Amino acid sequence: MPPYRHRQLHEQRDGLWKENESILRRLYLKEHKTLKDVKKAMESEYGFPTTPLSTYESKLRDLGLRKKMKRKDWRPVYQHYINSGSRHTALFFNGTQIPWDKAWREIRRSGARVLDHGEAIELPTDVVMRTPSPVLSQSAFTLQRGKEPAPAPWNLSNEPLDGLGLEAIFRRLTLYDIPSNLLRIEMLSTLPHTSTLALCPGPTHGNLTSDINRLSNALYHLANTGPWRCDRNSHKESLNGAFDMILNGAFDMILNLAPKHGILSGILKENSSTIQSATENMIVISKHRGRKDNFRMLIEAIGRYHPEWIPQGQCLEHAGRIGCVETCRLLLRMPNRSQYDTSFDSYADNYTTAVLESTGRGHFECAKLLCQHTIKQGMNFPSSKNTLATKILARILDKTTLDRYYSSWDRRFLYFDPKNPNVLQIFNWLLEAGANVDAPALFPFPGPNRNYIVRHTPKWWMPTILDEVCLWNLELYSHIVGRSVKFRTELTRSGVYSSAKEGIDFLLIYLRSRPSYTPIQLTKLLGIILTESLLRFVDSEVSKALHERDAKVIHTLLNYNINLTQFGSSMNVSAMLYYVVRGAKRHRTMYHTIDHIIKTLVCKGAIIVPETIAEAIEDEGIALLQLLSSYSPDFKNQSALALCTAISRNNYNAVSWLLNIGVNINTTLKGNREEDVTILAKAIEYTGQSEFDILGYKVRFGYWEERNTISYGMLEHLISRNIKLRANPNDTNMRNLIYLIIQHRRAGEKWTEIIEKIRLLLNAETMTDDPSDTEPCLSKLFGLPSPGHSSAVSDLMKLLSDHGISFNHSSTLTFLIAAGAPIEAIQRLLNDGVDVNAYCSRELDCGCQQRPPLQAAVVVGSFDLVQLLIQRGADVNQRAKGLHSATALQMACREIYNPNINLIKFLITNGADVNAPAAAAPEWGLTAFQEAAMDGNFEVALLLLDHGADINASISTIDGLCALDGAAIFGRLDMVHFLLELGALSHVGGESGYKGAILGAEATDKLAIADMIRQHALRNGRVGEELYAHHSKWTEFSSSYDSSSDSDDSSDDSEIGLEDQNHWEGLQYL
C-alpha cells in the first residue's frame, strides 16, 4: 500500500475513535465496563470495526480515558492543596469526585507530602481541583418563628479541627463530597462562564454568589426530606410544624431564584442526584400544598430532561384532581417509571383513581381523556379490550358504591350523581367499550364481615357488578340493567333482592319465572342472601334507604321460612336477632317491621343474650329496650351490661328504667382485661366490643365503637342512686376510679371538666392514701397529662392537697416531669429524698413503657432538669422498662424530641454509652447513631462518631433499621452518601451488601438514593442483581420529548391559549 494511502487510512481510524469518544467514555468510565466488554459493545451495538484489544488499550490511553490515577499524579494534587492554604477542596478525576479520605491515603502512599515548594506543577488534564468560595451563614434563610433549619453539612466542616484525630478530620472532609455540596460547588464554579446561560436568556442581576448559596441551602433541605415531611396528613407534621415553613420557603426560593440566574435548567439537563431528590419532593409539595401552577410547571420542566424522575401514576392522579388536561396528556405519553408497574392491576389503579378524582371534582375533560386513553391501552395487556373496560368499570364502582368517593388528599367525599350527564357519560364510555356488567364484582360484600360471607358463598353465587350496583345505587342500576344478559334469562341475586323487597308474593312470582335451580339449591341461595342482608343491616356506612330495603328483604325471606342452618353457616337465630336489634337502632321509624322480625326469630328459638339487650340502648329513649323486654322472661338478670351501656351513653331514661325494674347498680362485670370491675368502671372504659361470642357464633365488627364521656350530671345521678365509687370490687378507696376518669378522657373533653368530676367524687367521699400501698393516688393521676397541660397538673395537685392527699413518693417524680409540673415541685421532691432513678409506677405513652425521671426530662427538652437529675445521682444509662426500653441518649437523639446538641454532649460527657444496643421495639428500636442517621442530623452523627459510635451496629430484634437502611428509607440523600463513604452496609446485604437500602429507597419512591447506592457499589466492584436497573425506555422517551407534542394530539395542542404559551416560554428559565 502506498505510504500516503496508509497515512490516510490511519487518520480516518483516528477520527473514528475521536468521533466515538463520548460513547467510549460512558461505557468505560461511567458504566465501569471492562475493556473486553467495551470492545464487545462497540462492535455489536455501534457497528465499530473489529479491532484488537491491545489497540483499544492504546487508543483509550491516547484519549485520556483511564480509570486510575498514577502514583506521580498525586504530587501536583497535594501541592495544589498546600498552595490553596490547606482549604477544603473538591477533587475530581474524569468528572467523578474522589472522597478526601481515599485521596489522603493515596497521597501518603505516593510520598507526595515530601516535595519542594518551587514552581507549581500542572495538574493532569483529567484531574480537576476546586476550592469553593466561602458560604453564607445559616442566615441564608430564616424563620420568623419555630425551629431554625439545621446547618448545612458543609458548614460543619468549617469548624476548627484542632484536637481532632485523623479519622475525625477525614469524616469532616468527607462532608465536602456529599452530593448537595458538589452541586453547590458546581454552580459557584461554573456559573460565570457556563454555557447554560445561553439556554436561559435574560438579564442576570442581584448578588449572584449570595443567591447561589441560598439556592444550595434550599436544595439541601428539599433533597434530604423524609417521605412524611411533605405529607399534609402526617401526624408527625404537627410535631415539627417549623419544617413546614422550611420546606415551603425552600420550594419558593428555588422557583424564584432559578429563573433569575438560569442555572437550574442547565443542571437539570445533567444527572445530579441532589436535583433529582429535590425535584421528587418538590412534586410532592406542589401536590399537597395545592400549588396547581407550580405542579404543572414542574412536571413539564422535569419531563423535558428526566421523565424517569416523575412518579407517573401519582402525578396522573393529581393532574386529574386539579384538572390539568395538558399535564395529563403529557403524563400519559410517558412510560411508567416503576419496574413493577407492568401488570394490569398496577396500571389500572392509578388511572382509575385519576378518573374518580377528576369526575368527582367536575373536571370532565380530564376524565374523558383518562378514560379513553385507558381503554385504548388495552392492547398493551394480555387482557382483551372488553376485559380491560370491565375491570376499570368494576374498580370505579367499587370505590363509589355509596354514591361517593372518599379522597384521602383533602379528606372529603366526592359525590357521583348518576343524574349528572357527565358522570353518566363516564359509565357509557366503558359500557360502549364492552364492559360486562355480569362479570364478578371486584370486592363484593364491603364491611367487617366480608371474609365470613366470602367463605360461605360458592363461587358461582358470588355477586356480579350488576348485583352490587343493585344494592348501592338504584338510579345507576336502572341505567345499566338493560346491559345484562343474565338478568333477562336467569335467576340472579339482584332479581331475588329486587322482588323480595316488594313482598312475598313478588318473590314467589319471580322464583317461578326462573326455574333454574333445584329446591335445595334455591333455599341455600336465599339463605345466603338473608345472611348478607343481616350482616349489612348493621353496617354504619349503609344509607337509611338501603337499611329499609334490607329490613323488607329480611322480613320477606323469613316469611319464606328460610332456615339458616341449611346453608352450612355457623350463624344462629340468636346471632341474627342481635344483628336485627343493632340495625334497628339506627332507624327508629322501622320499629313496626322490626317487631315482626324479632317475633319471628324468637319463635324460631332465638335467645335474647346480654349483648343483644345492651345493643338496644339508644342515645335517648327506651322504645327499643321495652320492645325487646316483652320477649324475654329473664330480662332483669340479663341487663347489667345494658345498664353499663346506658351510663356510658348518658341515657338517663334508660338508667332509671333499668334500675326501676330491679337491675343491681353495684354488680360486677368483666373488664377489658377479663378482671372483675364495677359497672361504673366498665362504663368509663367501655368502647363496645369488636368481637364476642353468641352461642357459638363469633360476632365481628373490626372496630371499637366510640362511646360518649360520662357527664358530670350522670355522675351526680348515679351518686344519688347510691352507687359505690370504686373501680374494682376489692378497692379500699376510689383512686383507681379517678385514674380511669383521667385515662379515658374523650377527644374534645376539657381538663377543667375532668377536674370538676374529680372534685365531685372527692366531695362525695373522703379519700386518703393507704400507707401500705406502694402506688399512691397521685402517681396514677399524672399518668396522662402531657407537657402542654402543666396548668392542669398544677390544678390537680392543688385539688388533692386541699383534700389532704400527699404526693411525696418516688414513683411520682417521672409523672410530674413528663406532665410539665413546675420545677419547684420537682426540687421539693428531690429535697425530700425521693429515688432519682425510680421508675414511674404507671406506663406512659399508651402503655408502652415506664420511664425513669432522667428520660422524662430529656423528652420534655429541659437541659436544667437533666443537669439537676445527674447531679443528684441519676443513672445516665438506665433504660426505660417495657417495649420501648431506650436509653436517655437514644431519646435525646430522636428527632421528634428536637435534639439539643449541648444536652447530648452533656450526656456523653457524663458517661452515656453511645453504642447502647437498640431496644426491642418496632419503630423506636434504634441506637443513638441510627436515630441520627435516619433523621439526617449530621451534627449529632459526627458527635457520636467522634465518641466511637458503631456505624454498622446491630438492629433491633423487632422491625429494626440499621443506619444506612434508615437513612435511605427516610430520604436522607447526603447522609446516605456520607455513610457509604464511611463503610456502612445494609442489614439485608444481599450479594452487594446494599440490597436492603436499595429496596427500601425504591419502596418509598426515593429513586435518586437507590441509584446513588447502586453507583457506589459498582464503583467499588460490588456485584448483585439489585445493582442493575433498566431505564432504556426513558432514553427513548426523553429524546423524543420535544417532538411528541407535534405528532400526538396536535389538534388539542393547537387550542392552548395565550396564558399557556407564555407559560411554555417561561419554562425556558427553569
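The protein chain exposes about 47100 Å², of which carbon and sulfur atoms supply 49%. The model is predicted. Of its 1070 residues, 54% count as buried. The chain contains 58 helices and eleven strands. Among contacts with a separation of 6 or more, 72% are made by residues 24 or more positions apart.

In soluble globular proteins, nonpolar side chains tend to be buried together. Here the largest nonpolar core has 254 residues. Those with the most contacts inside this core are L658, L889, L907, F929, L944 and L979. Another core, of 16 residues, lies apart from it; V77, Y78, V127 and M129 are among its members.

With neighbours within four places in sequence left aside, L907 is in contact with V858, V866, I870, V876, A888, L889, A892 and A912. Helix 46 spans residues 863–871 and helix 48 spans residues 901–909. Their axes come within 10 Å and cross at roughly 10°. Angles under 35 degrees count as roughly parallel. Helix 46 and helix 48 are therefore roughly parallel to each other. By class, the contact has six nonpolar, two polar and no charged residues. An α-helix has 3.6 residues a turn, so residues three or four places apart point the same way.

Helix 49 (residues 928–935) has eight of its eight residues buried, so this helix is largely enclosed by the rest of the structure. The buried residues are A928, F929, Q930, E931, A932, A933, M934 and D935. F929 is also one of the residues with the most contacts inside the largest core. The cover over helix 49 includes helix 47 (888–892), helix 50 (938–946), helix 51 (963–969) and helix 52 (973–981). Just after helix 49, G936 takes a positive phi of about 65°.

Burial is also found in a loop. P458 lies in the loop between helix 23 (450–455) and helix 24 (465–472). Its relative accessible area is 14%. Buried means under 20%, so P458 is buried. P458 and L525 are 67 residues apart in sequence. In space, their C-alpha atoms are 9.3 Å apart.

Notes. Residues are numbered from 1 along each chain as its sequence is written. This is a predicted model: local features need pLDDT of at least 70, side-chain atom pairs count only at pLDDT 80 or more; totals for chains, interfaces and linings use all residues. Side-chain values use heavy atoms; hydrogens and water are left out. Helices (H or I, at least four residues) and strands (E, at least two) are DSSP runs, numbered from the N terminus. Buried means under 20% relative accessible area, exposed over 50%, partly exposed in between (1.4 Å probe, protein chains only). Contact means heavy atoms within 4.5 Å. Accessible areas come from the Shrake-Rupley method with a 1.4 Å probe; for residues, only the protein chains shown count as cover. A nonpolar core is a set of buried Ala, Val, Leu, Ile, Met, Phe, Trp, Tyr and Cys residues joined through side-chain atoms within 4.5 Å. Axes are lines fitted to C-alpha atoms, for helices over the stretch in contact, and angles run from 0 to 180 degrees between N-to-C directions. Angles under 35 degrees count as roughly parallel, over 145 as roughly antiparallel, 65 to 115 as roughly perpendicular and the rest as oblique. Ala, Val, Leu, Ile, Met, Phe, Trp, Tyr, Cys and Pro count as nonpolar, Asp, Glu, Lys and Arg as charged, and the others, Gly among them, as polar.
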